[in-house]
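Colleague: I would like to learn how to read a structure file. Could we go through one together?

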Amino acid sequence: MKSVVIEQPEQLSIAQRAEPQPAAGEVRVKVKYASICGSDVHIWHGHNPFAKYPRVIGHEFFGIIDAVGAGVDPARLGVRVAVDPVVSCGHCYPCSVGRPNVCSELQVIGVHRDGGFSEFSVVPNANAWALPDNIDDRVASLVEPFTIAANICAFLQPQPQDIALVYGAGPMGLTAIQVLKGVYGVKQVIVADRLTQRLQMASDNGADLTLNNAETPLAVQLAGVQPTLIIDAACHPYILAEATALASPAGRIGLLGFSGAPCTITQQSLTSKELSIFTSRLNSHRFPQVIRWMSEGKIAPSKLVTHYIPLDEIERAMTLFEKDPRSCCKVILEI
Ligand SMILES: [Zn+2]
Ligand SMILES: [Zn+2]
């Protein structure tokens, strides 16, 4: 089978590998579509501290179960599935409180173990979620990125009267906008980004107001409007301090970034307004929820997709995704 392998940082190739056999409790997925994410690019360039090499990358993928391991119901054969990349132990403290995404033995498919940019992928049966017929194959790999938005929103508990501010109109910001508007019915969603083309995508995905913060500070543009809910999907260390200054008293701030750089913030800036800060990593059992939203038409994954590219052109696809944020949002690989 063909697999996209990062042999070591900066060494991307399409390798021929033996077809994997599912072990007990696993299924084999014949992958049909997979989408490229920033973390795939980070593994390619050696910027993901968790990745082990060589690695088959890809954690957003869709396919059909074509083999099952011991103990798995054969009725699963032929089922269309989206794969949750979070593999957890089930018994540590975070697992015991429903937070498998920060399991002490966390294994992320496509990061710690081989992923879905491949003709076949073996995954735990419990990670392969069946999809209703009305979710199109061509957008089904996008369940995973929407679970990122679902997870942070589960902490933030958006309300219709919220004034939301989303930093960043990349894929994470756009999924957040769709979930805030389409699922939670938030009255006003404001989006800040430095690229006009990305702000246009934000409008197309439901933003009520877009602000370019390349030159004029947001505080000036907001002119006293205090967001009650802020999501940092741009993930720059400076944002937390600005967000605390902009937020309404009793506001909530959600962080998705993974930067190792410090940020400076005072206790007073938080406690004087009794702000709540939530962080969110990957997703905790959010696949059923997102599949339901997609099936009910509350979110529109096709709005994120700008390119379909065959797996054989993986290097061109990854480069386009990385270098061309003005014209490129989600790239879906045809496998
Ligand atoms: Zn991703
Ligand atoms: Zn665990």
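Modeller: We will take the metal site, then the domains, then the salt bridges. This is a predicted model, in which local features need pLDDT of at least 70, side-chain atom pairs count only at pLDDT 80 or more, and totals for chains, interfaces and linings use all residues. Residues are numbered from 1 along each chain as its sequence is written, chains are lettered from A and ligands numbered from 1 in the order in which they are written, and side-chain values use heavy atoms, with hydrogens and water left out.

Colleague: Which residues coordinate the zinc ion (ligand 1)?

Modeller: Donors are N, O and S atoms within 2.8 Å of the metal (3.2 Å for Na, K and Ca); water is not among the atoms, so sites may look incomplete. Here the zinc ion (ligand 1) is held by Cys 37 through SG, His 59 through NE2 and Glu 60 through OE, at 2.1 to 2.5 Å. Along the sequence, the spacing of these donor residues is C-x21-H-E.

Colleague: Is His 59 buried or exposed?

Modeller: Buried means under 20% relative accessible area, exposed over 50%, and partly exposed in between (1.4 Å probe, protein chains only). His 59 has 5%, so it is buried. Glu 60 has 1%, so Glu 60 is buried too.

Colleague: What are the domains of the chain?

Modeller: Domain bounds come from an automatic or database domain assignment. For this chain, the assignment gives domain 1 as 2-130 + 300-334 and domain 2 as 150-279. Taken over C-alpha atoms, their centres are 28 Å apart.

Colleague: How many residues of domain 1 are in contact with domain 2?

Modeller: Contact means heavy atoms within 4.5 Å. By that rule, 14 residues of domain 1 touch 13 residues of domain 2. Buried area is the accessible area (1.4 Å probe) that two parts lose on being put together, summed over both. For domain 1 and domain 2 this is about 1100 Å², with 62% of it on carbon and sulfur atoms.

Colleague: How many salt bridges are there between domain 1 and domain 2?

Modeller: Side chains of opposite charge can pair when their charged atoms come close. A salt bridge is a side-chain nitrogen of Lys or Arg within 4 Å of a carboxyl oxygen of Asp or Glu. Between domain 1 and domain 2 the count is 0, while the rule gives 13 salt bridges in the model.

Colleague: Which residue forms a salt bridge with Glu 19?

Modeller: Arg 28 does, with the closest N and O atoms 3.7 Å apart. Arg 28 also forms a salt bridge with Asp 66, at 2.9 Å from N to O. Arg 28 is buried, at 9% relative accessibility, whereas Glu 19 is partly exposed, at 42%.
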